[in-house]
Amino acid sequence: FCLALWVPGTLTLPALDRDESRYAQASRQMLESGNYVDIRFGAEPRYKKPIAIYWLQSTTTAIAGGGAHGMVWTYRIASLIGGLIGVWLTFWCAGAILPREGAFLAALLMGSSVLLTAESTIATTDAVQIGCVIGAMGVMWRVYRSRRDETAPTPSTMLVMAGWVAFSAGILVKGFVVPGVAIVTTLALLVSDRKAGWLKALLPARGLLITILLVAPWLIAITLASKGAFFAESVGHDFGAKIVSGQETHGAPPGYYLLLSSIAFWPGILFVLPAVGAAVTRRGDPAIRFLLAWTGASWLMFEAVPTKLPHYVLPAYPALAILTAAWLCGALTPSPAVVPAAEAKGDDKKEKQRESAAASVSADKWAFVPRLLRWGAGLQFLLGAAAMTAAPVLLPRLYGAGDVQWLWGLAAVGAAIALAALILGLRGRNYRAFGVAIVAACVFVPTLTVGVGPRLTELWVSKRLAPLVFEHARPGDPPPVAAGFTEPSLVFALGADMRLADGDGAAALGARGGGLALIEDRERGAFLAGLAEREADAEAVADMSGFNYSRGKTVHVTIYRMRRVTYQMTPLEE
């Protein structure tokens, strides 16, 4: 199911800006240079994230690329495999408290979610990271249950150590995320339980030793290779900046992820609010309490961080999927809140009857909450369905060749199926609603990834520029220089040797060596002035327009053939 849902987008979408192209290009350079310690993007070091994702992407490209390193889908295979592992581990985790059918529902909820589908389709860290998160947290969950629930089996030492291996792998993939999720979950449980004895069963001494043995070798190597610059950039600049302020204009207020979940956890969002509401009534169950701590504490952590991107909250989704599956299976039916009066004996009978009556009144007082939660979930589902219905209609018109009638038809089919799922869900026919919602996802996702995505030609500026550059290149040309439009996808399309500059810098390079210059309109004045100052010349040979979605601005790029200056440059010009 996941392969059918994810692979079409993996194969058809062009390289995306900015993170995907940065990861893919750095992995490509690692593969081509043979240096598997240092991380480079173009001529610059890339020290924002640890090494594991680059190892994985370069390996999948070496195996699947057939000697070619310029196809972005080969770098996406690592994410595809990571997403599959995450879905399998969701099934394994859910199997601790649910029957096999319930565990399958949890895995299906996770695998069909729009966010995991997106992350498993592109060459970034998050789909790989989710496997590490679930592996580590799933073991932690089993250890906690075994110490808080006498009926739960005790995990073997080997399983506990496997959890530490997943923890270590998470550090090598994305640094502090897996430790962060584990720490905030532990703190939430300590506040709730006021007991910490279960932490000893995690065998922390041996686990930390495993972490050191797995992580330290590369950390030592990169520290020596970068002369300490890796830690300054990764910890000080990248991680530190994100927790202090909204990095790269990605700031958003708290509540961002809650609003976004209408799309990100679609179609399972139809059941999430009722499931969480029912789980709260069962929070006395250690298994449920851990899942609530996992999803709640990690969600609040990501909401509290000023820098927000849609995929940051993904580590909270596995617990949410398991809770939702448990609700669908009926495993979250509230425990009896009262003791029947007939069971009371002796002098306490009247007191028991009064307590029972008071509890019944309290239960009746809150009887509207489940219905309210179900309607709230329905509204979230409707918002997500509306967005995915509108996308095939509006996006090609705004950023493509215009209206595509058959995409309208698919959007209408998906909308009709989603509406049927919504009606079934509001009527309480949960299993049927779930099945129909999955069918709607199977219509919407390929429509967007295969039908809509490749047709948004205005967005794929680098993909359209590259053929023009190759068409006008001549033997002996130096690598092209770009000014104004310098997105990572352009580097991936044209190679690591291409040069990035401002308008005047591009003119200086052209005066020295000639070749091609890709000049965006905002830098054209400085470029032409720089040429005139150096008594150099350039001829426009091609141009194109598009939309830079990373900056939210339209762009117009002109390709110039520059003629090198024959006189001797001064040291200052050099």
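Visitor: What should I know about the model and its numbering, and which atoms are left out of side-chain values?

Guide: This is a predicted model whose local features need pLDDT of at least 70 and whose side-chain atom pairs count only at pLDDT 80 or more, while totals for chains, interfaces and linings use all residues. Residues are numbered from 1 along each chain as its sequence is written, and side-chain values use heavy atoms, leaving out hydrogens and water.

Visitor: How many helices and strands does the chain have?

Guide: Both kinds of element are DSSP runs numbered from the N terminus, with helices being H or I over at least four residues and strands being E over at least two. By that count, the chain has 23 helices and seven strands.

Visitor: What percentage of the chain's residues is buried?

Guide: Buried means under 20% relative accessible area, exposed means over 50%, and partly exposed is in between, using a 1.4 Å probe and protein chains only. The chain has 574 residues, and the buried part of them comes to 51%.

Visitor: Which residues touch the most other members of the largest nonpolar core?

Guide: A nonpolar core is a set of buried Ala, Val, Leu, Ile, Met, Phe, Trp, Tyr and Cys residues joined through side-chain atoms within 4.5 Å. The largest one here holds 114 residues, and the members touching the most others are Trp266, Tyr317 and Phe381.

Visitor: Which residues does Phe381 touch?

Guide: Contact means heavy atoms within 4.5 Å. Leaving aside residues up to four places away in sequence, Phe381 touches Trp266, Pro267, Ile269, Leu270, Ala418, Ala421, Leu422 and Ala437.

Visitor: Where is Arg18, and what is the omega of the bond from Asp17?

Guide: Arg18 is in the loop between α1 (2–12) and α2 (19–33).

Visitor: How do α7 and α9 run, roughly parallel or roughly antiparallel?

Guide: Axes are lines fitted to C-alpha atoms, for helices over the stretch in contact, and angles run from 0 to 180 degrees between N-to-C directions. The axes of α7 and α9 (residues 177–193) come within 9 Å and cross at roughly 25 degrees. Angles under 35 degrees count as roughly parallel, over 145 as roughly antiparallel, 65 to 115 as roughly perpendicular and the rest as oblique. So α7 and α9 are roughly parallel.

Visitor: Is Leu203 buried, partly exposed or exposed?

Guide: Leu203 lies in the loop between α9 and α10 (204–226). Although not a glycine, Leu203 has a positive phi of about 50 degrees. With 21% relative accessibility, Leu203 counts as partly exposed.

Visitor: And what about Lys227, buried or exposed?

Guide: Lys227 is in the loop between α10 and α11 (229–244). Its phi is positive too, near 55 degrees, in a residue other than glycine. At 77% relative accessibility, Lys227 counts as exposed.
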